[in-house]
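Please read them with the structure open.

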Amino acid sequence: IDHGLQDSHYLDFLTESKTNHIVGTPRTFHKLLLNCRDQKRLLHHQRTIVGQGVLSPDLQRAFSVMKVPVAHVYGLTENLWTVAMQDLEEVAKPGAMDPDEPPIGKGLVGVKYKVLDDQGDEIEGDGERTGVLAIAGPTVMSGYHEREKETKMAIRGTWLYTTDMVRLQGQSEEAQITFVGRK
């Protein structure tokens, strides 16, 4: 989408193109809802809103009023954007999502996940465990451009060590991941 599109032009584009999934940041969706309100328009073709980051309960409720389900993606630039994502089919079911509950994303095929305790050791098992997230897989970056020290701190072997706190349950693509916050 041309990011130069503003206000009514953006809403016109969404209507004319019959766009049914929009991926964006909470700020993008806040602006979109303000435009809808100011121009007294609805999003007629939207089947899902996918938030890059957690949309506030107020934003989620506003989309709920418009009967547009909200899914969340948790990602990192260092991992080609996506680490975990909510199932679009699941969030589209009536009453499936509670805006006051943190979103839980599913693990991705080919990505390994582990959480670390305060000493940097893996918290073993398949049950629920909370700690700093580390991931490995084909989408993890090879390093920061011309930043060897930062690369060595972030990547150890094949694992990308994030500074994100998560709750993890299960393994690999069966993993359920809830973003808790930054360490």
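1. Which residue in β9 does Ile155 stand opposite? Ile155 faces Leu160 in β9. Its strand, β8 (residues 155-156), pairs with β9 in the antiparallel sense over two bridges. Strands count as paired if DSSP finds at least two bridges between them. β8 and β9 form a hairpin with two residues between them, and Gly157 in the turn has a positive phi of about 70°.

2. Some basis for the reading. This is a predicted model, in which local features need pLDDT of at least 70 and side-chain atom pairs count only at pLDDT 80 or more, while totals for chains, interfaces and linings use all residues. Residues are numbered from 1 along each chain as its sequence is written, and side-chain values use heavy atoms, with hydrogens and water left out.

3. Overall make-up. The chain has five helices and 10 strands. These are DSSP runs numbered from the N terminus, with helices being H or I of at least four residues and strands E of at least two. Along the principal axes, the C-alpha atoms fill a box of roughly 55 × 40 × 25 Å. Of the 183 residues, 37% count as buried; buried means under 20% relative accessible area, exposed over 50%, and partly exposed in between, with a 1.4 Å probe and protein chains only. Among contacts (heavy atoms within 4.5 Å) between residues at least 6 apart in sequence, 54% join residues at least 24 apart.

4. Other partners of β9. β7 and β9 run antiparallel and are joined by six bridges; within this pairing, Met165 in β9 is the bridge partner of Val132. β9 also pairs in the antiparallel sense with β10 (residues 176-182), over six bridges. Here Leu168 stands opposite Ile177 in β10. β9 and β10 form a hairpin with six residues between them, and Gly170 in its turn has a positive phi of about 85°.

5. The largest nonpolar core. A nonpolar core is a set of buried Ala, Val, Leu, Ile, Met, Phe, Trp, Tyr and Cys residues joined through side-chain atoms within 4.5 Å. The largest one has 18 residues, of which Tyr74, Val83, Tyr113, Leu133, Ile135, Leu160 and Ile177 touch the most other members. Two or more residues each come from β6 (112-116), β7 (129-136) and β9 (159-169). The largest share, three residues, is that of β9. A second, separate core of 16 residues includes Leu32, Ile49, Met66 and Val70.

6. Tyr113 and its surroundings. Leaving aside neighbours within four places in sequence, Tyr113 is in contact with residues including Val83, Leu133, Ile135, Trp159, Leu168 and Ile177. Its other contacts include Gly107, Gln171 and Ser172.

7. Ile22. This residue lies in strand β1 (residues 21-24). Ile22 counts as buried because its relative accessibility is 4%. Beyond neighbours within four places in sequence, Ile22 is in contact with Tyr10, Leu14, Phe29, Leu32, Gln46, Thr48, Ile49 and Val50.

8. The cavity. How many cavities of 30 Å³ or more does a search of the whole structure find? The search finds one. On a 1 Å grid over the protein atoms alone, a cavity is a set of points where a 1.4 Å probe fits but cannot get out, and lining residues have an atom within 4 Å of a point. About 60 Å³ of space lies in this largest cavity, the volume being the space filled by probe spheres set on the points, which are joined across faces, edges and corners. Among the lining residues are Leu11, Leu14, Thr15, Arg41, His44 and Gln46.

9. Two loop residues to check. Most residues other than glycine have a negative phi. Lys67, in the loop between α3 (57-65) and β3 (70-74), has a positive phi of about 60°. Lys67 counts as exposed because its relative accessibility is 71%. Glu146, in the loop between β7 and α5 (148-154), has a positive phi near 55°. Glu146 is likewise exposed, with a relative accessible area of 73%.

Notes: On a 1 Å grid over the protein atoms alone, a cavity is a set of points where a 1.4 Å probe fits but cannot get out, and a pocket is an open set with protein on both sides within 12 Å along at least five of seven lines; lining residues have an atom within 4 Å of a point.
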